[in-house]
Amino acid sequence: MAESIYVRLKERFADICREHGLMDENIQIQARVLSTHEAIGHPEADDFPLQKGKERLMQADFFDAAGQAFSDRCGDFSGPLRDIVAMSLTNNYRRAIFVAALNAVMRHLKKASRTIHCRNEEPAECAGELVTYIRKQYGNVRIMQAGFQPEMVAQLSAGFDYRIVDLDPDNIGTTKRGALVEGPEAMADAMAWANLLLVTGTTLVNGTIEKFFNSTPVLFYGTTIAGAAELMGWDRFCAKSR
């Protein structure tokens, strides 16, 4: 793409902050790392990335709103919005700070919703609604999913021609929830095969999101990409988040 998605996203976020008089105010945004119990409660499945310690969930609190972001590099941040807008997004930690803050601010301004992860039995319920949503919006498509979400894998692999690609070496090459988990070397082939790319919003944090924008429709899922999806006009599914 001619211009980085991150450049355009930061420009649009800066415009929103200026429009609402937030850029020049010394607003403090705290980001904290949530425990697994705080983040997702006790779902029946035990193979979520959060439970395995592969990723953690950062939360930014901004006035009356909260926004979250999954990341494998976590830490605290406190500072004005102008510092976040000016931040160079050169690693997963910085991108997680930016994305969590974006989600919180967009939620505060009522420009985005469902920025808090679902809990307990809700991931399974969400996966069931996702099957219905895809059939209604896209038809009987061939799906490539990027990112392992156990309940989605189980229900989508049972109902569609389906492939999943993940970065976790513990998953790659194993059959989980009825599907063979392929590694990043299979990504190009799987994308060419698919009619729909179902992509985790954490690709916005780990810096891989741009590779998914080609001629194939993309449906993002999860809380991480809530604010960005609204700003950029991307299709997103996240049925049970708050």
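Begin with helices H6 and H7: H6 passes H7 in a right-handed crossing, the near helix being turned clockwise from the far one by less than a right angle. Helices here are DSSP runs (H or I) of at least four residues and strands are runs (E) of at least two, numbered from the N terminus. The model is predicted, so local features need pLDDT of at least 70 and side-chain atom pairs pLDDT 80 or more, whereas totals for chains, interfaces and linings use all residues. Residues are numbered from 1 along each chain as its sequence is written, and side-chain values use heavy atoms, with hydrogens and water left out.

**The helix contact**

Keep H6 and H7 (residues 150-159) selected; their axes come within 8 Å and cross at roughly 35°. Each axis is a line fitted to C-alpha atoms over the stretch in contact, and the angle, on a scale from 0 to 180 degrees, is taken between N-to-C directions. On the H6 side, the residues in contact include Pro 123, Ala 127, Val 131 and Arg 135, and those of H7 include Glu 151, Met 152 and Leu 156; contact means heavy atoms within 4.5 Å. By class, the contact has nine nonpolar, three polar and two charged residues. Nonpolar covers Ala, Val, Leu, Ile, Met, Phe, Trp, Tyr, Cys and Pro; charged covers Asp, Glu, Lys and Arg; the others, Gly among them, are polar.

Next, select Gln 155, which lies in helix H7. Gln 155 is partly exposed at 30% relative accessibility, where buried means under 20% relative accessible area, exposed over 50% and partly exposed in between, with a 1.4 Å probe and protein chains only. Apart from neighbours within four places in sequence, Gln 155 is in contact with Ala 124, Ala 127, Gly 128 and Val 131. Arg 177 is 22 residues from Gln 155 in sequence and 8.4 Å away, C-alpha to C-alpha.

**The aromatic pairs**

The structure holds six aromatic pairs. Rings of Phe, Tyr and Trp (its six-membered ring) pair if their centres lie within 6.5 Å; planes under 30 degrees apart are stacked, over 60 edge-to-face, and the rest tilted. Select Tyr 133 and Phe 237: this pair is tilted, with 5.1 Å centre to centre and 45° between the planes. Tyr 133 belongs to helix H6 (residues 122-137) and Phe 237 to strand S10 (residues 236-237), so the pair ties together parts 104 residues apart in sequence. Tyr 133 is partly exposed at 23% relative accessible area, while Phe 237 is buried at 8%.

Move on to Phe 220 and Trp 234, whose ring centres are 5.4 Å apart with planes at 40°, so the pair is tilted. Phe 220 lies in strand S9 (residues 218-221) and Trp 234 in the loop between helix H10 (226-232) and S10. Phe 220 and Trp 234 are both buried, and together with Phe 213 they form one aromatic cluster.

**Charges over a ring**

Which residue has its charged end over the ring of Trp 193, 5.8 Å from its centre? That residue is Arg 142. Arg 163 also lies over the face of Trp 193, 5.6 Å from the ring centre. The criterion is NZ of Lys or CZ of Arg within 6 Å of the ring centre and within 35 degrees of the ring normal.

**A buried loop residue**

Finally, select Thr 223 in the loop between S9 and H10. Thr 223 is buried, at 3% relative accessible area. Its contacts beyond four places in sequence include Gln 68, Phe 70, Asn 103, Arg 236 and Ser 241.
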